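Hi,

Here is the structure I promised to pass on. Have a look at it first, and then read my notes below.

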Amino acid sequence: MLFGAPGSGKGTQSARLIDEYGLYHISTGELLRQHIKNGTELGKVADGYISKGQLIPDDLMIRILDETLDKEASGKNGVVFDGFPRTIPQADALKQLLRRRGYDLSAVVGLEVPEDELVTRMLQRGKETGRADDNIETIKNRLKVYHDQTAPLREYYIKEGKYLPVNGHGVVDEIFGNIAKGLREMAGIDSRK
Ligand code: ADP
């Protein structure tokens, strides 16, 4: 699992992980944006929350993840969770969803980045990609939601002995190198390359 504040680089590092480790990527943010783009019912509901920088309700998000695991993840080498879980109830649900399928969570990579850098990155991304929730008002709310609802998961996974802190401020390759080193030392996971 990749864990971190909005703008911490979860998407960027996920891309490296899936490539080098042969994993399947589940990004709840990407999944929801795809629904919004396609104008589905779920997309309409999701848009109302995302545009305000709020979280999609837990029960809905958990149901979507359950279906995604069935449809996309079975038979794969492993999965990178990116943007899920974001609340304690989601983390509890994930534990059950994995257990039911006989899977286990190997490690939680926590990308740690100072807050002013997060804001700079998201504003830049907003300019470059036009991503609708990368505007200053929504960014402020996303960071507040992160601190209130998501940050407590750090302690949650530290207690489980799964949390691997990685400095997310720096060059993409170096950060990835530190993730790879941590995964090897902590969980005995090696890339396939
Ligand atoms: P970021 O981490 O930069 O905020 P994401 O693409 O992961 O970007 O998420 C974008 C938005 O999608 C979130 O602000 C939230 O509204 C919604 N979202 C994504 N994942 C979840 C989740 N697990 N639970 C609730 N809402 C989510």
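Let me start with a loop: Pro85 sits in the one that runs between β3 (79-82) and α5 (88-100). The peptide bond that joins Phe84 to Pro85 is cis, with omega at about 0°. In general, most peptide bonds are trans. Before you read on, please keep in mind that this is a predicted model.

Now for the overall fold. The protein has nine helices and five strands. As for its dimensions, the C-alpha trace spans about 40 × 35 × 30 Å along the principal axes.

Then there is the ligand. Where does the ligand lie? The space it takes is the largest pocket. Around the ligand there are 20 residues, and the closest are Lys10, Thr28, Arg33, Gln54 and Gln90. By type, the shell divides into seven nonpolar, six polar and seven charged residues. Which helix gives the most to that shell? Helix α2 (residues 28-38) does, with four residues.

- Lys10 has a polar side-chain atom that lies 2.9 Å from an oxygen atom of the ligand.
- Gln54 uses its backbone instead: an N or O atom there lies 2.6 Å from an oxygen atom of the ligand.
- Ile56 also takes part through its backbone, with a polar atom 3.1 Å from a nitrogen atom of the ligand.

How much of the ligand does the protein cover? On its own the ligand has 540 Å² of accessible area, and the protein covers 97% of that.

If you want a place to begin, go to Lys10 and Gln54, which are both among the closest residues to the ligand. From there, move to helix α2, the element that gives four residues to the shell. After that, go to the loop with Pro85 and look at its cis bond with Phe84.

Cheers

Technical notes. Residues numbered from 1 in each chain as written. Predicted model: local features only at pLDDT ≥ 70, side-chain atom pairs only at ≥ 80, totals over all residues. Heavy atoms only, no water. Near = heavy atom within 4 Å. Polar contact = N/O pair within 3.5 Å; in protein donor to acceptor, adjacent residues only side chain to side chain. Areas by Shrake-Rupley, 256 points an atom, 1.4 Å probe, with all protein chains shown as cover. 1 Å grid on protein atoms, 1.4 Å probe; cavity = no way out; pocket = protein on both sides within 12 Å on 5 of 7 lines; lining within 4 Å. Sits in = over half its atoms within 2 Å of the grid points. Helix = DSSP H or I, 4+ residues; strand = E, 2+ residues; numbered from the N terminus. Nonpolar A, V, L, I, M, F, W, Y, C, P; charged D, E, K, R; others polar.
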